[in-house]
Amino acid sequence: MRADFLYAKIHRATVTDSNLNYIGSISLDSRLMKASGILEGMKVEIVNINNGERFSTYAIEANSCSKKSKNTQEEQMATVCLNGAAARKVQQGDIIIILAYANVKLKYAKKIKPKIVFVDSCNMITTTQE
């Protein structure tokens, strides 16, 4: 028997952009992908804390960081952009949780240790947990 178990989690990321006219997916900063173990093309579940939406898509690596204007000071933000139909389920500034699961045999389930990545309001990694 097999079951899905949490593999990776990016906790409380801020949506930096949404692009309705893109084929689909979530664009993630490469640092977030590397730290979490989420691979390009991997199915992920998105939980929007602001509006309660919960939906699935797949991850792709973002091209670059976006900038957030805070008063007159420019601040770097790691990209977290929802694309395609998923763009309708978020707004820029929403807080989301990104989850990835692994499908494993039950006898190996206790060996699964999810990587959890905690980020600040600019999506910069603050801590990781394994």
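**View 1. The surroundings of Ser 25 in a predicted model.** In this predicted model, Ser 25 is in contact with Thr 57, Tyr 58, Ile 60, Cys 81, Leu 82 and Asn 83, when its neighbours within four places in sequence are left aside. Ser 25 itself belongs to strand 3, and it counts as buried because its relative accessibility is 1%, where the limit for a buried residue is under 20%. The UniProt record, in an unreviewed entry, places the feature "modified residue: Pyruvic acid (Ser)" at Ser 25.

**View 2. Ser 25 and Tyr 58, the pair that UniProt lists for "active site".** The unreviewed UniProt entry gives Ser 25 and Tyr 58 under this feature. These residues span 34 residues in sequence, yet no two of their C-alpha atoms are more than 4.9 Å apart, so they gather at one spot. Tyr 58 is found in strand 5 and is partly exposed, with a relative accessible area of 35%, whereas Ser 25 is buried at 1%. Leaving out residues up to four places away in sequence, Tyr 58 touches Gly 24, Ser 25 and Ile 26, and also Gly 41, Met 42, Lys 43 and Val 44.

**View 3. The largest nonpolar core and one of its members, Ile 98.** This core holds 24 residues, and those that touch the most other members are Ile 10, Ile 26, Ile 38, Leu 82, Ile 96 and Ile 98. At least two residues of the core come from each of several elements, among them strand 1 (2–14), helix 1 (30–36), strand 5 (54–61) and strand 9 (95–105). Beyond its neighbours within four places in sequence, Ile 98 is in contact with residues including Ala 8, Ile 10, Ile 26, Leu 28, Ile 38, Val 44, Ile 46 and Val 80.

View 4. Thr 14 lies in strand 1 and is buried, with a relative accessible area of 10%. A polar atom of the Thr 14 side chain lies 3.4 Å from the backbone oxygen of Ser 121.

**View 5. The cysteines Cys 81 and Cys 122, both buried.** Cys 81, which is one of the residues in contact with Ser 25, counts as buried at 9% relative accessibility. Cys 122 is buried as well, with a relative accessible area of 4%. The structure holds 0 disulfides.

Methods. Residues are numbered from 1 along each chain as its sequence is written. This is a predicted model: local features need pLDDT of at least 70, side-chain atom pairs count only at pLDDT 80 or more; totals for chains, interfaces and linings use all residues. Side-chain values use heavy atoms; hydrogens and water are left out. A nonpolar core is a set of buried Ala, Val, Leu, Ile, Met, Phe, Trp, Tyr and Cys residues joined through side-chain atoms within 4.5 Å. Buried means under 20% relative accessible area, exposed over 50%, partly exposed in between (1.4 Å probe, protein chains only). Helices (H or I, at least four residues) and strands (E, at least two) are DSSP runs, numbered from the N terminus. Contact means heavy atoms within 4.5 Å. UniProt positions are given in the numbering used here, feature names are shortened, and annotations may be inferred rather than shown by experiment. A polar contact is a pair of N or O atoms within 3.5 Å; within protein, one must be able to donate a hydrogen and the other to accept it, and residues adjacent in sequence count only if both atoms are side-chain atoms. A disulfide is a pair of cysteine sulfur atoms within 2.5 Å.
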